[in-house]
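Here's a quick briefing for anyone meeting this structure for the first time. Take a look at it, then read on.

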Amino acid sequence: VGVAWRPNSESLTYTSTCRALEEAGIDYVLLPQAHSADFSYDADGKLTEGVAETGALTPEAGKLVRCNAWQESDAAEILSSVNAVVFPGGEDVSPSLYYDPQEWHGVEAEKDYSAERDVSDFVLMSYCLEHDIPLMAICRSMQMLSVVSGAEVVQDLPTWFASQGKDYRNEHKQAADADGHRDFAPNDVQVEKGSILYGIVQADELEGCPCWHHQAVANVGGTRLAVTARTTTEGVSMIEAVERTDKTYAIGVQFHPEISIQKKLDDEANRQEYLGYDTALALFKRLQEEGARQLAEDPDNLGLRPAA
């Protein structure tokens, strides 16, 4: 299993994803940054063009990425030795990548972009989808999966709820306490029967799913995504999981199963408030199983490599 690159490899969600794979007994590799020939990079892998003041991709750069996807990138080489990919959580997705491009949401406190990661994730994910490589996308990466698939995204939940005349209370991202500590918000999630997710967790409700996000998938109309889990916030049904109906295994979860595993491993005092360890671990095990199954059906791994 490959773990998609992110600039801050010390982040809790990234290291916890690796720990979850280890706990599941899965061999994994940290994938390098993917590059697109449409852009120039410096020696540190930073884009030298196409980056707006916010740190997001400019409209012109976003259009290039959307139009060319993995073509003219090194995605095929990077993914040639893995059977499945997990895309961890992280920064906001550049709104210039949306099917209907948007301006920056304008919330200074939530200005959190990585143009380099957006290019890397978009080309890797589009390659995985085209070549039917099993993938699991977590939080930010579920939003990226949805963006790649053409879905709409709510850029800032507090702003969006306020526009609906509703009082949002950080249900998806806990406010900092008096000491400045902020934890993941536990949310109960209803799972669609008959979905891949339901087949993994064998439950129609998951209690205490760890959440830390201020954005969300708004709807998947007109795409090849199916909504497979929801939660209700201030009377609004919100998307918590999706899957691509045209692929063998491409799922996204808005919550963080790796954090439930991390809390259990570190024996944190509030670990019982979150999604069960075995249920969280099952998501990672299933990804590995799907990769192994596809490899067994294709011993030469032809589906994961460009044609000779």
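Start with a charge on a ring: Lys111 sits over the face of Trp104, 5.0 Å from the ring centre. That label applies if NZ of Lys or CZ of Arg is within 6 Å of the ring centre and within 35 degrees of the ring normal. Keep in mind that this is a predicted model, where local features need pLDDT of at least 70, side-chain atom pairs count only at pLDDT 80 or more, and totals for chains, interfaces and linings use all residues. Residues are numbered from 1 along each chain as its sequence is written, and side-chain values use heavy atoms, leaving out hydrogens and water.

**Aromatic rings**
- Rings of Phe, Tyr and Trp (its six-membered ring) pair if their centres lie within 6.5 Å; planes under 30 degrees apart are stacked, over 60 edge-to-face and the rest tilted.
- That rule gives 4 aromatic pairs.
- Phe161 and Tyr168 are stacked, because their ring centres are 4.9 Å apart and their planes lie at 15°.
- Both Phe161 and Tyr168 are buried (under 20% relative accessible area, 1.4 Å probe, protein chains only).
- Trp160, Phe161 and Tyr168 form a cluster through ring pairs.

**The sheet**
- Strands are DSSP runs of E, at least two residues, numbered from the N terminus, and two of them pair if DSSP finds at least two bridges between them.
- An open sheet of 9 strands runs S2-S1-S3-S4-S11-S10-S9-S6-S7, with mixed pairing.
- S2 (29-30) and S7 (205-211) are at the edges with a single partner strand each, so one side of each has no neighbour in the sheet.
- S9 (225-233) and S10 (236-244) run antiparallel, joined by 8 bridges.
- Ala226 has Glu243 in S10 as its bridge partner.

Notes
Buried means under 20% relative accessible area, exposed over 50%, partly exposed in between (1.4 Å probe, protein chains only). Helices (H or I, at least four residues) and strands (E, at least two) are DSSP runs, numbered from the N terminus.
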